[in-house]
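Me: Could you walk me through how to read a protein model, feature by feature? I would like the general idea each time, and then the case at hand.

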Amino acid sequence: FVFTFSSCESDEPSTEVAIGNGVFVLNQGKFGSNNAGICYYDFDKSLSYTDVFSSNNKRGLGDTGQDAITYGGKIYVAVYSSSIIEVINPKNAKSIKSIPMRNDQNAASSPRALAAANGKVYVTLFDGNVAQIDTTTLTVEKRVKVGPNPEGCAVVGNKLYVANSGGMQTVKDSTISVIDLTTFTETGKIKVNLNPGP
């Protein structure tokens with residue numbers, strides 16, 4: 001499955017779309033317009049469907065689709081402004097679960113980027129944390145504080161590297177947090193140029 005930010009053009013069917021040999025495309029939508037979606041292109045039929053998620057779930061994906069990965073037979077989508085991780089079955093494009101991304105005060109945490117390893121999905125949260133999601137229970141197990149406004153992340157070996165952009169701060173950040181995945185703790189920061197991103 002390939003995910004990118006793009007737009008598809010075709011008539012959207014009113015009935016459920018059958019998923020076969022094709023590719024999904026995450027559409028970010030316009031910020032604040034609640035119009036993120038997932039296109040589907042069927043290779044065998046040479047047809048594209050503008051929002052297979054809406055067709056097959058009878059509801060929208062949410063506001064601002066930020067990132068998506070396929071892991072362990074499921075698709076995980078970070079929906080930034082709606083502050084959810086949408087978990088989707090790739091065989092039928094139907095929602096398995098919407099995981100709310102909220103902090104201890106029940107405020108939106110705003111998920112940005114995703115990575116996965118060892119049965120866990122890791123989510124950078126624009127509130128300055130990284131969340132660990134268990135892929136069996138589909139619940140947030142832990143959070144760890146990193147830098148301001150973390151963006152992209154990547155797993156290398158048994159470490160998660162997180163770009164702290166500081167994008168919403170007056171002075172941008174210039175660090176990469178290093179998280180040990182065994183203990184899920186930040187073990188250090190690497191100094192880089194200002195405002196690192198995905």
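Reply: Happy to; here is a short tour from the overall fold down to single residues. This is a predicted model, in which local features need pLDDT of at least 70, side-chain atom pairs count only at pLDDT 80 or more, and totals for chains, interfaces and linings use all residues. Residues are numbered from 1 along each chain as its sequence is written, and side-chain values use heavy atoms, with hydrogens and water left out.

Me: Which secondary structure elements make up the protein?

Reply: Helices (H or I, at least four residues) and strands (E, at least two) are DSSP runs, numbered from the N terminus. Here there are 1 helix and 15 strands.

Me: What does the radius of gyration say about the protein?

Reply: The radius is taken over C-alpha atoms, and the globule rule is 2.2 Å times the number of residues to the power 0.38. For 198 residues a compact globule would come near 16 Å, and the protein has 17 Å, which agrees. Along the principal axes, the C-alpha trace spans about 50 × 35 × 30 Å.

Me: How many of the 198 residues count as buried?

Reply: Buried means under 20% relative accessible area, exposed over 50%, and partly exposed in between (1.4 Å probe, protein chains only). By that rule, 48% of the residues are buried.

Me: Which residues touch the most other members of the largest nonpolar core?

Reply: A nonpolar core is a set of buried Ala, Val, Leu, Ile, Met, Phe, Trp, Tyr and Cys residues joined through side-chain atoms within 4.5 Å. The largest one has 18 residues, and Ile-19, Phe-24, Ile-38, Tyr-40, Val-52, Leu-61 and Val-77 touch the most other members. Elements giving two or more residues to this core are β1 (22–27), β2 (37–42), α1 (52–57), β5 (74–79) and β6 (84–89). The largest share, 3 residues, comes from β5. Another core lies apart from it, with 14 residues, including Tyr-76 and Leu-138.

Me: What should I look for in the backbone angles?

Reply: Most residues other than glycine have a negative phi. Ser-46 has a positive phi, near 55°, and lies in the loop between β2 and β3 (47–49). Asn-195 also has a positive value, near 60°.

Me: Where is Asn-195 found, and is Asn-195 buried or partly exposed?

Reply: Asn-195 is in the segment after β15 (185–191). With a relative accessible area of 38%, Asn-195 is partly exposed.
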